[in-house]
Amino acid sequence: MKTLILALLMTLVVSCSSNEPQNTPITYGDTIALPQPAPQGGLTINEALWLRASSREYADTPLSLEELGGVMWAAAGINRPENSHLTAPSAMAVYSVDVYAFTPEGVYRYDAASHTLVRCAEGDHRELSAMQEFAYTAPLNLVYIADMAKYDRFRMAPEQSLHYAGMDAAGYAENVNLYAAGHGLKSITRGLLRREEVLTLLGLGDHYKVVLSQTVGK
Ligand SMILES: Cc1cc2nc3c(=O)[nH]c(=O)nc-3n(C[C@H](O)[C@H](O)[C@H](O)COP(=O)(O)O)c2cc1C
């Protein structure tokens, strides 16, 4: 009953919250310009917290451009242009983690400054971003990859910097989980994926670590 009421509420909120287009199809290419994140929208934080749950069943229904943009902004978008800080916190403000979107049409790196997705590899590589079949056909898998060289100046033990990178990525992923719950999407944070194959595909060297992944869909 609680879920039904929240679902009805969410339909109302989504349909009333904005006159902006909400259902633009994604056009894949070398870059994908994402729509500016809406100042309002979705359920309240409390409602999203009540709904947040890991899902392991996804339709192959694509996300809209607005949903894709909202998810990327929730993960690692800029919410304070004066200092370029993000929607998620980062230990020592190092921001070592980049977010890669594995889509049916290619792999894209999210560039927060321009709020665009920049293609790094063509084709469907979703099977590298997971070890569970539900992810292979879900419309979006995110892979969180840390540039460990960004911690060099702190001279900390490798396990400490890896710990920080993992914590940063978990914060990004939880932002996405809450955004998804608040916007009628499903999601799951995942640790299982083909880490070495992802780094090889993207041509990323030894100082990069794949720290986490996530599926988002309907
Ligand atoms: C860091 C992390 C890694 C996870 N990795 C996986 C995974 O690889 N595969 C999976 O099916 N679930 C994964 N999960 C989801 C957990 O299994 C799930 O959160 C847990 O069962 C509790 O269920 P709930 O999220 O619905 O509350 C992961 C969760 C976290 C936080």
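Modeller: The chain has six helices and nine strands, where helices (H or I, at least four residues) and strands (E, at least two) are DSSP runs numbered from the N terminus. This is a predicted model, in which local features need pLDDT of at least 70 and side-chain atom pairs count only at pLDDT 80 or more, while totals for chains, interfaces and linings use all residues. Residues are numbered from 1 along each chain as its sequence is written.

Seven strands make up an open sheet, in the order S1-S6-S5-S4-S7-S9-S8, with antiparallel pairing; two strands pair if DSSP finds at least two bridges between them. At the edges stand S1 (31–33) and S8 (186–190), and each has a single partner strand, so one side of each is left without a neighbour in the sheet. On average, neighbouring strands of this sheet are turned by 25° against each other, direction ignored. Axes here are lines fitted to C-alpha atoms, for helices over the stretch in contact, and angles run from 0 to 180 degrees between N-to-C directions.

One pair can be followed residue by residue. S4 (residues 97–103) and S7 (residues 140–147) pair in the antiparallel sense over six bridges. In this pair, valine 97 stands opposite alanine 146 in S7.

Two helices lie across strands of the sheet. Helix H5 (residues 158–182) lies across S4, S7, S8 and S9 (208–217), and runs at about 10° to S9. Helix H6 (residues 195–202) lies across S5 (106–111), S6 (116–122), S7 and S9, but runs at about 100° to S9. Two residues are in contact if their C-beta atoms, placed from the backbone, lie within 7 Å.

Tyrosine 95 is found in the loop between S3 and S4. This tyrosine 95 has a positive phi of about 50°, although it is not a glycine. Tyrosine 95 counts as partly exposed because it has 19 C-beta neighbours inside 10 Å; a residue is buried if 20 or more other C-beta atoms lie within 10 Å of its own, exposed if 12 or fewer, and partly exposed in between, with C-beta atoms placed from the backbone.

Finally, the chain as a whole. Buried residues make up 38% of its 218 residues. Of the contacts with a separation of 6 or more, 77% are between residues 24 or more positions apart.
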